[in-house]
Amino acid sequence: IMKNFLNTVRNSGPIKTRELVLVDHTMVDAYGNLTLWALMDHMNGVKKNRLEALQLNQQWKEKVVNIDMKMYNVAALNDQLAIESCFVQNGKKTVDLKVYVSRQKKGQPAKRVCKTIYTVAIHRAR
């Protein structure tokens, strides 16, 4: 089951994705810092797109069973964020979607903003 699922992951597009997001005024608080809600919104969008790209057939359903999030640095207005994602096998019937968010400034090394792991269980649809 899982081997087929990982093959589906590989065949559904890149194992890794990368998306650039510019922090705008709708995404920050009164102090100009990126809000957790705006960050989660973008990461959940990546997760949704990645799961939809799998196009699991009707007999399989996926369900997020755990979210583990670690914050490292604050991002602010006009920061360029790189949101990267990849699937990693985790046990027999679960897979992790790891999402990394980094802040990038010209001429400086990227700084990790956060890392989130969505643990996704694959099970037969009833």
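Student: How many salt bridges does the count come to?

Tutor: The count comes to three salt bridges, a salt bridge being a side-chain nitrogen of Lys or Arg within 4 Å of a carboxyl oxygen of Asp or Glu. This is a predicted model, where local features need pLDDT of at least 70 and side-chain atom pairs count only at pLDDT 80 or more, while totals for chains, interfaces and linings use all residues. Residues are numbered from 1 along each chain as its sequence is written, and side-chain values use heavy atoms, with hydrogens and water left out.

Student: Which side chain does Arg18 meet in a salt bridge?

Tutor: Arg18 meets Glu84, at 3.6 Å from N to O. That pair links distant parts of the chain, with Arg18 in strand 1 and Glu84 in strand 3, 66 residues apart. Strands (E, at least two residues) and helices (H or I, at least four) are DSSP runs, numbered from the N terminus.

Student: And what does Asp79 pair with in a salt bridge?

Tutor: Asp79 meets Arg103, at 4.0 Å from N to O. Here Asp79 is in the loop between strand 2 and strand 3, and Arg103 is in strand 4, 24 residues apart.

Student: Is Asp79 buried or exposed?

Tutor: Asp79 counts as buried because its relative accessibility is 7%. Buried means under 20% relative accessible area, exposed over 50%, and partly exposed in between (1.4 Å probe, protein chains only). Arg103 is also buried, at 15%.

Student: What about Asn78, buried or exposed?

Tutor: Asn78 counts as exposed, because its relative accessibility is 55%. Its phi is near 70°, a positive value in a residue other than glycine. Most residues other than glycine have a negative phi.

Student: Switching to strands. How do strand 3 and strand 4 pair?

Tutor: They pair in the antiparallel sense over 10 bridges; two strands pair if DSSP finds at least two bridges between them. One of the bridges joins Gln80 to Gln104 in strand 4. The hairpin of these strands has four residues between them, and Gly91 there takes a positive phi near 80°.

Student: Which way does strand 1 pair with strand 3?

Tutor: Strand 1 (residues 16–22) and strand 3 pair in the antiparallel sense, over seven bridges. Thr17 stands opposite Ser85 in strand 3.
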